[in-house]
Amino acid sequence: MTNRSLLQEQTARLSELQRNLRQAFDPFGLLATTFKAQQAWLTHPAELSSALAFWADDARQWGDYTWQRFLGQPVSDIFAPNPEDTRFTAAEWVESPFWDGLKEWYLFNTRWLQDSLFATPGLSQDERNRSAFWLRQWLNAVAPNNYFFLNPVAMARALETHGESLQKGLENLARDAQRGEISMTDPDAFKVGENLALTPGAVVHRGPLLEVIHYDAVTPDVYKVPLVIIPPWINKYYVLDLDAKKSMVKYLTEQGFSVFIASWVNPGADAAEVGFDEYLSEGIDQIVEVARSISGSETVNLTGYCIGGTLVATYLAWLAKRGEAGKIASSTLLTSLTDFSKPGDIDIFLDEQGLAFVERTIAQKGYLDGREMASSFRMLRPNSLVWNYWVSNYLLGETPMAFDVLYWNMDTTRMPQKMHCYYLREFYFHNKLIQPDALTIAGEPIDLSRIETPLFMVSTEEDHIAPWQQTWSLTRVAKGPLTFTLSSSGHILGIVNPPVPTSKRSFRQGSVTRGEETDDWHGRQEKVAGSWWPSWAQWLQPFSGNRVKPKLSNRQYPKIMAAPGQYVLD
């Protein structure tokens, strides 16, 4: 072996060792980016001196403020919390000079650290965003209200209850430690089939990937063209059938629609090799065929939610390539990404090293545990989804409020290794779905510009999973007539949005001109109070055919068992 070959081999080994070490100790680049930021400040002493001067000035203001508070002088907060930050709203944080001073110390240091990070010389925008994300995690974790002896509300509660709140908090902590996650709601308050997923219906098909549920008609006749709903398999389908007041499924049957829904299997290690191809060919294509057979209709109206909507868009392009687009009369996409170039804060986890770490974690079991994914999404909103429950459950000893949406959110599912790794790498990381013919799925190249099916798209203003400016991207390539709806609220509550007199929701809705920009569309739409469901039902009617007598099942697809079926319980 020549010296040059030996050097190349040693260099390759060193690179591999460095990669393995990062995978083991810093898969998301936190330490590497932090070290780079520290180096940047040390090599820019003038900027460092200026940043430290800003801190010294803030510290002086804090000292003057705190001294005036202890002297009893009236003074306004100099470092006011964000209006949406509820951590320090209790009277104890305002009335006591000591606790108010501690709060202000935390807030001014938080502000200074975040401002200094974004002012760090020499960091790219991606590095700033990544560093800012992890800095927020740390700052939220060290907030004084998260610690018993630094939380005046928790200590007062313990004195008032003679320690009972502390005992209850420890019991809650032991329970959650056994379950492996922080409870967001009372886990004993709900049970699927008893007070959730109650709309009457039947399982009319059971396959390796899904059960098909067909709901009972509640009107004398129904539209002949059935409505097929593809929920996300990242969670269970019953978010669309919570209770009688919130159920989208129940509302649709009351409008005369014949509703079918996919109840996805909760896969284990034996499904490790199930891929995205199977979710299309044995999943969505299967339920469409079941609905066509039972209804006797050549076409269906197809709806997809979240990743279910991503699958629906893929399926529409797949059918178009096969010359079978006529199977779908119309399609509705609810908070569904097809362009993953800016997927929101989840992008923090998806650089090459972070993705490799996730893939290695999944490979160890053959699936991604839903609780691991839920933890990642909680990190996107740590104060409201983590530390809020930490304080209330463990420091205050409170039982979480019974809330069906949060119970559903904790009722997680698993994702098969092959499917989920493909989805993360090809959709999120390489963003190939929006690229013409860059992906071949179930034997066909996928080009979203082949979609000519009429589309009804719904996104939400506060969605941190599928930002509406990104879901909008499909309007630039799909060629069929398109109606876009922007609902208030977020990824779940903007969709679970029933029409009730007390609704606080609103929406904007209108047709889209191909190539139109988001700001232009938004500027010409009026805000409408209430739910978008009635306007959707009205939009569906022209695609739904004549009214016919309802039929729950047929000889090819007989009733197997009553809804909600078996898969949703696994």
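Student: Which side chain meets that of Asp411 in a salt bridge?
Tutor: A salt bridge needs a side-chain nitrogen of Lys or Arg within 4 Å of a carboxyl oxygen of Asp or Glu. Asp411 takes part in such a contact, with an N to O distance of 3.2 Å. Its partner is Lys236.

Student: How many residues apart are Asp411 and Lys236?
Tutor: Helices (H or I, at least four residues) and strands (E, at least two) are DSSP runs, numbered from the N terminus. Asp411 lies in the loop between helix H15 (404-410) and strand E9 (415-416). Lys236 lies in the loop between strand E4 (227-230) and helix H9 (248-254). The pair links distant parts of the chain, and the separation is 175 residues.

Student: What kind of model are these values computed from?
Tutor: Residues are numbered from 1 along each chain as its sequence is written, and side-chain values use heavy atoms, leaving out hydrogens and water. Local features need pLDDT of at least 70 and side-chain atom pairs count only at pLDDT 80 or more, while totals for chains, interfaces and linings use all residues, since this is a predicted model.

Student: Are Asp411 and Lys236 buried or exposed?
Tutor: The terms rest on relative accessible area, with a 1.4 Å probe and protein chains only: under 20% is buried, over 50% is exposed, and in between is partly exposed. Both Asp411 and Lys236 fall in one class, which is buried.

Student: How many salt bridges does the model have?
Tutor: Side chains of opposite charge can pair when their charged atoms come close. Under the distance rule already given, the count is 29.

Student: What is the N to O distance between Glu289 and Lys327?
Tutor: The side chains of Glu289 and Lys327 form a salt bridge, and its N to O distance is 3.0 Å.  Glu289 is in helix H10 (residues 276-295) and Lys327 is in the loop between helix H11 (307-322) and strand E7 (328-334), so the pair ties together parts 38 residues apart in sequence. Glu289 is partly exposed at 25%, whereas Lys327 is buried at 15%. The distance asked for is 3.0 Å.

Student: Which residue meets Arg450 in a salt bridge?
Tutor: The N to O distance of this salt bridge is 3.1 Å, and the partner of Arg450 is Asp437. Arg450 sits in the loop between strand E11 (444-446) and strand E12 (455-460), and Asp437 in the loop between helix H16 (417-429) and strand E10 (439-441), 13 residues apart. Arg450 is partly exposed at 24% relative accessibility.

Student: How many bridges pair E1 with strand E2?
Tutor: Two strands pair if DSSP finds at least two bridges between them. A hairpin joins E1 to E2 through 3 residues, and Arg206 stands opposite Glu211 in E2. E1 and E2 (residues 210-215) pair in the antiparallel sense, and the number of bridges is 5.

Student: Which residue is the bridge partner of Ala202 in E17?
Tutor: E1 (residues 201-206), with 5 of its 6 residues buried, also pairs with strand E17 (residues 561-562) in the antiparallel sense over 2 bridges. In E17, Val203 has Met561 as its bridge partner. The partner of Ala202 is Ala562.

Student: Which strands are the edge strands of the open sheet?
Tutor: This sheet has 11 strands with mixed pairing, in the order E15-E14-E13-E12-E7-E6-E4-E5-E2-E1-E17. Each edge strand pairs on one side only, and the two are strand E15 (528-529) and E17.

Student: Which residue has its backbone oxygen 3.3 Å from a polar atom of the side chain of Thr460?
Tutor: Thr460 is in strand E12 and is buried, with a relative accessible area of 0%. The backbone oxygen at 3.3 Å from its side chain belongs to Gly490.

How values were computed. Polar contact = N/O pair within 3.5 Å; in protein donor to acceptor, adjacent residues only side chain to side chain.
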